[in-house]
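Please take a moment to look over the sequence and the model before reading on.

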Amino acid sequence: MNPPKATDSFFKTFCLACACLIGLLMLSFFVQLFVNSSEAWREFGLGFLFSSEWDPVAGKFGAFPSIAGTLLTTAIALAVALPLAFVSALYLTDAPPAIGRVLSQAIDLLAAIPSVIYGMWGLFVLAPLMQNHVQPFLTETLNLQAVPVLGGLLVGEHGFNGFGFFTAGLILALMILPYVCAIMRDVFKMTPAVLRESAYGIGCTKWECAKDVVMKYGIRGLLGGVFVGLGRALGETMAVLFVIGNIMDVPAALFDSGTTIAATLANNFAEADGLQRSALFALGLVLLVMAFGIQVFAQYYLHLTSSKRGERS
Amino acid sequence: MNTIPLNTVRRRPLFFRKTADFGVRVFSVFAVTLAVAAMAWILFTVVSRGVPAIDWGFLSNPSKPYGVPDSGIANALLGTLFITLCAAALAVPLAVAAGIYLSEFGRKSKLGAMLRFSANVMMGLPSIIVGLFVYTILVVTTGHFSGFAGAVALAIIMFPLIMRTTEDMLAMVPDALRESGLALGMSRARTTLCIVCRAAKNGLLTGILLSLARVSGETAPLLFTAMFADAWPDRFFSEPTANMPVLITEYATNSPFEEMHTAGWGAALVIMLAVLAVNIFTRIAFRERARER
């Protein structure tokens with residue numbers, strides 16, 4: 001074998017080994033979390049997922065409050081962020097290029113701010129604001145508290161103190177907005193100009209064109225964007241940890257304090273040992289499985305549209 | 001395409017259609033304003049609350065427990081620098097090589113597609129999971145928290161980011177360059193490293209810098225790996241190492257004192273300025289140059 005061939009085959013093998021690291025890492029995430037949580041699964045079985053007890057003294061652990069909290073904050077974040085991201089993307093694709101570029105970059109910078117700063121801002125600025133102005137306004141001035149079903153969903157028996165699912169959801173919404181908006185912008189740009197022009201040609205308004213043509217054309221890409229946002233919101237730790245209130249309760253109302261999987265992990269892991277540590281690993285595994293599933297969907301839908309969006313992949 | 005009988009088409013009065021359109025336009029301007037205003041609000045809060053904390057002593061003294069005078073953030077700054085650079089040293093060569101595989105050898109292969117998919121998925125996994133993972137493989141086995149464990153955690157987060165940008169950047173290099181290199185009798189390895197990578201140098205640098213900026217603010221993976229200490233980071237490999245994100249977390253949540261909060265805002269200001277500076281710098285510097293070419 002002559003020298004260049006030897007270096008070449010070594011080079012190729014080295015690159016392949018590095019690339020395979022990524023698959024290996026992902027597999028070992030699952031294996032390691034599963035091995036470390038096996039004690040908890042043996043002790044509680046699948047009931048772990050539905051039990052809402054969390055009593056380190058008695059050695060009883062359940063994942064339900066954390067899972068429900070994670071789902072609730074994510075749902076709030078999506079409900080707030082999706083419409084905003086959709087219409088911002090709509091505006092930014094149609095705006096004059098100069099303005100559009102500056103504003104897009106400003107929104108992209110939102111994604112660059114470290115999450116711990118979102119958390120701090122939430123703790124010292126947003127939470128007091130919610131407590132003193134927004135929540136009293138909604139419950140007392142508008143008197144939504146007295147509305148039969150809605151009131152109960154909004155304010156639980158603990159009242160409100162600025163912390164909780166609602167505040168955490170709002171911060172998450174702000175954090176995922178730039179990601180979702182960036183993907184939606186790409187999707188809108190990929191619609192062929194001919195399609196939009198024909199829509200305008202038969203007399204559609206801008207909104208009808210967006211809703212009936214652009215959205216239908218790029219629905220898979222939009223779904224991918226939704227799932228990317230969902231995955232981000234699901235696993236975010238610091239921003240949520242600061243404002244969620246960290247109480248191991250199943251959510252009963254939007255203004256209640258509670259916890260999420262990531263917040264529970266961050267709060268308890270350092271002091272935990274034995275069965276509690278195992279239970280925390282089990283929570284981590286639940287989070288990993290949820291996030292993994294969502295990412296797979298996201299990548300699947302984005303992949304379907306990748307060639308149309310002009311991405312090389 | 002199936003045609004719709006004309007008489008089933010719902011008639012919508014022009015007034016309602018125009019009102020709906022106008023409403024959406026107003027809402028979209030509102031949404032963009034809201035997003036930009038939120039960013040400005042966060043920046044403003046951090047700057048206005050952080051500036052009073054910052055003076056020379058704050059930047060040059062190590063952190064101390066509450067009540068001890070002359071407390072600062074110098075050890076955390078240095079610790080974050082160590083951890084981030086160590087993470088980069090671990091991740092960059094391996095991740096660039098992995099990106100080279102995807103772009104040069106695995107462009108059409110099944111394995112390449114699978115690995116690309118894994119990298120994409122991995123970019124979206126929660127960072128706290130990485131913290132748990134490194135905790136079990138490095139902290140439990142060696143028996144102590146260390147800055148190095150934190151660096152490994154950050155390296156794992158950087159890996160897929162750099163891998164995917166490397167691939168994207170290399171894929172933009174025209175094949176003619178590769179062919180001319182090979183035609184001169186260069187080996188594949190040499191062509192890739194000396195010609196393809198050099199042609200894509202700016203893109204690679206952008207990707208690396210942006211991923212550095214991204215991980216230098218990551219907190220969750222450091223909570224269980226680097227932890228925190230009120231000491232200079234001189235025992236990087238064997239003891240908890242001070243770092244900025246965990247310092248901010250500690251000062252903001254575990255302390256009732258106003259002074260600690262101010263110090264936390266100061267630290268937040270420093271890290272935010274650094275991250276934003278890298279972001280804006282790479283956007284401007286490399287975008288301008290890309291247009292010249």
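Two residues are said to be in contact if their C-beta atoms, placed from the backbone, lie within 7 Å. This is a predicted model, in which local features need pLDDT of at least 70 and side-chain atom pairs count only at pLDDT 80 or more, while totals for chains, interfaces and linings use all residues. Residues are numbered from 1 along each chain as its sequence is written, and chains are lettered from A, with ligands numbered from 1, in the order in which they are written.

Helices (H or I, at least four residues) and strands (E, at least two) are DSSP runs, numbered from the N terminus.

One place in which the chains meet can be followed helix by helix. Helix α2 (residues 64-94) of chain A packs against helix α1 (residues 14-50) of chain B, with the axes 8 Å apart and an angle of about 100° between them. Such axes are lines fitted to C-alpha atoms, for helices over the stretch in contact, and the angles run from 0 to 180 degrees between N-to-C directions. Because of this angle, α2(A) is roughly perpendicular to α1(B), given that angles under 35 degrees count as roughly parallel, over 145 as roughly antiparallel, 65 to 115 as roughly perpendicular and the rest as oblique. From α2(A) the contact includes L84(A), V87(A) and Y91(A), and from α1(B) it includes V24(B), F27(B) and V32(B). By class, this contact has 12 nonpolar, 2 polar and no charged residues.

How is each chain built along its sequence? Chain A has 12 helices and 2 strands, and its elements follow the pattern α-β-β-α-α-α-α-α-α-α-α-α-α-α. Chain B has 12 helices and 0 strands. The C-alpha trace of chain A spans about 75 × 65 × 30 Å along its principal axes, and that of chain B spans about 80 × 70 × 40 Å. For chain B the radius of gyration is 25 Å, whereas a compact globule of 293 residues would have one near 19 Å; this radius is taken over C-alpha atoms, and the globule rule is 2.2 Å times the number of residues to the power 0.38. Among contacts with a separation of 6 or more, residues 24 or more positions apart account for 77% in chain A and for 74% in chain B.

The next idea is burial. A residue is buried if 20 or more other C-beta atoms lie within 10 Å of its own, exposed if 12 or fewer, and partly exposed in between, with C-beta atoms placed from the backbone. Buried residues make up 48% of the 313 residues in chain A and 46% of the 293 residues in chain B. A nonpolar core is a set of buried Ala, Val, Leu, Ile, Met, Phe, Trp, Tyr and Cys residues joined through C-beta atoms within 7 Å. The largest such core has 190 residues, and those with the most contacts inside it are L177(A), V180(A), A98(B) and M158(B). Helix α6 (residues 165-190) of chain A gives the most to this core, with 18 residues. Leaving aside residues up to four places away in sequence, V180(A) touches A81(A), L82(A), A85(A), G225(A), V228(A) and G229(A).

Among the buried residues of α11(A) are I261(A), T264(A) and L265(A).

Finally, consider three residues in loops. L184(B) lies between α7 (175-183) and α8 (188-199) of chain B, and L184(B) counts as exposed because it has 10 C-beta neighbours inside 10 Å. N246(A), in the loop between α10 (238-243) and α11 of chain A, has 19 such neighbours inside 10 Å and therefore counts as partly exposed. M227(B), in the loop between α10 (220-223) and α11 (244-253) of chain B, has 22 C-beta neighbours inside 10 Å and so counts as buried. Most residues other than glycine have a negative phi. Phi is positive, however, in N246(A), near 55°, and in M227(B), near 50°.

Definitions and conventions:
Nonpolar A, V, L, I, M, F, W, Y, C, P; charged D, E, K, R; others polar.
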